[in-house]
Amino acid sequence: MSEKAMRPRKVDPLDFLEVDALLTDEELLIRDTVRQFVADRVLPDIGDWFEDGVFPKELAKEMAAMGLLGMHLDGYGCAGTNSVSYGLACTELEYGDSGVRSFVSVQGSLAMFPIWAFGSEEQKQDWLPRMAAGEVIGCFGLTEADSGSDPGSMRTRARRDGDDWVLNGSKMWITSGNIADVAVVWAQTDEGIRGFIVPTDTKGFTANLIHKKLSLRASVTSELVLDDVRLPGDAVLPDVVGLKGPLSCLNEARFGILFGAVGAARACYEAALSYAGERRQFDVPIASFQLTQRKLVEMLIGINRGMLVAVHLGRKKDDGTLDPTHVSFGKLDNVRMALQVAREARSVLGANGITLEYPVVRHMNNLESVYTYEGTNEIHTLILGQAITGINAFS
Ligand code: TGC
Ligand code: FAD
């Protein structure tokens, strides 16, 4: 066995464990392309978009042109990249803002994926190319005002009327609801929960914007109301019945989030590291205080650990060995880590940490939503608890 002596080397504070070395040239190229897009098109204006509470819809077509919508799906105009590349794109987008990553997650993983996985060939041909091109924007209606963590208790109902379906009910907290051209809506039927493709200009469909959010402000969040929405028989997704339909979509979106959260954390860490080197108190940079160094080191460890977990889970997804409980592990730990990093970074920036001049408080507030949506921290804890004990502790 040959042994190589370990020699001190210069480390990169921004890629401490050299996770980049685990990525292929193609993955790095995709990552760097999205990073440049975020630097050019998101970072200069995101503070204003957040303050004004707007998602700039024109970004949709630009991201489509880069192949980011339905990026990991094959065929139908989708880019068909591997899962690691999709994850890395999410990391870079969320470095910009969770709202931008949310838009891409919802479009690709929650609106396109169910059509791609459970739709008829006609539905796929009809919707997916236009959605990949950013011409049609989608949203995903699962949550209701009284059914969040427990979507199986949903009350939205679809009933047969001749060949048609008629939908009644409402959905709450729906990302992109007011800008969507099509909603994938999950509803109770006599056969169990089913998914419906609902063009948003259908009579009886309304989207109401949710105001006064202090988180994900650069993202559209809506209530959807379905009042006798009549759809043709072929609006139903034919290939899935039951809660496993929407839960399968969540696996995809949660996978993007476990990568994305590392990007938000990295933005906060970089801001804190740079600020700590420049800001002086007691005649020295605040980075020279042991207490500040400890904060920065905890951030460094969390981010590098999170990226290693993400790449490992991405490789498992690509080789077909990823289980939904692995995704829960990553979503739970990486989002929790990112929120801790954001809060620590906020304290390093002192008073400056509360303004939109820096990215930190924006990410911190956004991550409160990311912590809650796509399965709360508690729900993922119980999914993992059930996986290792065999005991269901949900009720
Ligand atoms: P349970 O009885 O355990 O399962 C019902 C059926 O589903 C199957 N299943 C899954 N299938 C695929 N993937 C998974 N991860 C699955 N987990 C379970 C299961 O095998 C069963 O199939 P079958 O054939 O026997 O019928 O279901 P439950 O009612 O006890 O619920 C389990 C629980 C609590 C884990 C689940 O409901 C849950 O994950 N709740 C959290 C809800 C949630 O995450 N909502 C997210 C809404 S979308 C959103 O937030 C978008 S944010 C925007 C953005 O992403 O940016
Ligand atoms: P609840 O389920 O009421 O939970 C409240 C608290 O109780 C939480 O701490 C929770 O962890 C805890 N709790 C619940 N059950 C248990 C249990 N069994 N054991 C222990 N603790 C428990 N939904 C969509 O369908 N589509 C979207 O596009 C979408 N976008 C969103 C965008 C934003 C900005 C936000 C904030 C939410 C979005 N959601 C969306 C909804 C999101 O998925 C839900 O908010 C989430 O699933 C939690 O549901 P809830 O808010 O009703 O909380």
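**Glu94 and its surroundings**

I looked up Glu94 in this predicted model and listed what it touches: Arg101, Gly260, Ala261, Gly263, Ala264, His363, Leu367 and Val370, not counting residues up to four places away in sequence. Contact here means heavy atoms within 4.5 Å. Glu94 lies in helix 4; I take helices as DSSP runs (H or I, at least four residues), numbered from the N terminus. I recorded Glu94 as buried, with a relative accessible area of 0%; buried means under 20% relative accessible area, exposed over 50% and partly exposed in between, with a 1.4 Å probe and protein chains only.

**Basis of the entries**

I note that residues are numbered from 1 along each chain as its sequence is written, with chains lettered from A and ligands numbered from 1 in the order in which they are written. In this predicted model, local features need pLDDT of at least 70, side-chain atom pairs count only at pLDDT 80 or more, and totals for chains, interfaces and linings use all residues, while side-chain values use heavy atoms, with hydrogens and water left out.

**Helix 4**

I found 14 residues in helix 4 (residues 83-96), which reaches 20 Å from its first C-alpha to its last, close to the 20 Å expected at 1.5 Å a residue; the expected span is 1.5 Å times one less than the number of residues. Because 14 of the 14 residues of helix 4 are buried, I describe it as largely enclosed by the rest of the structure.

**Helix 4 against helix 7**

I then examined helix 4 and helix 7 (residues 244-278), which pack at an angle of about 40 degrees with their axes 7 Å apart. Axes are lines fitted to C-alpha atoms, for helices over the stretch in contact, and angles run from 0 to 180 degrees between N-to-C directions. The angle makes helix 4 oblique to helix 7; under 35 degrees counts as roughly parallel, over 145 as roughly antiparallel, 65 to 115 as roughly perpendicular and the rest as oblique. Residues making the contact include Gly87, Leu88 and Glu94 of helix 4 and Gly260, Ala261 and Ala264 of helix 7.

**Helix 9 against helix 10**

I also looked up helix 9 (residues 324-348) and helix 10 (residues 360-372), which pack at about 155 degrees with their axes 9 Å apart. That makes helix 9 roughly antiparallel to helix 10. Among the contact residues are Val335 and Leu339 of helix 9 and Leu367 and Val370 of helix 10.

**Arg31**

I placed Arg31 in helix 1 (residues 25-42). At 8% relative accessibility, Arg31 counts as buried. Leaving aside neighbours within four places in sequence, Arg31 is in contact with Asp20, Leu88 and Glu92.

Notes: Helices (H or I, at least four residues) and strands (E, at least two) are DSSP runs, numbered from the N terminus.
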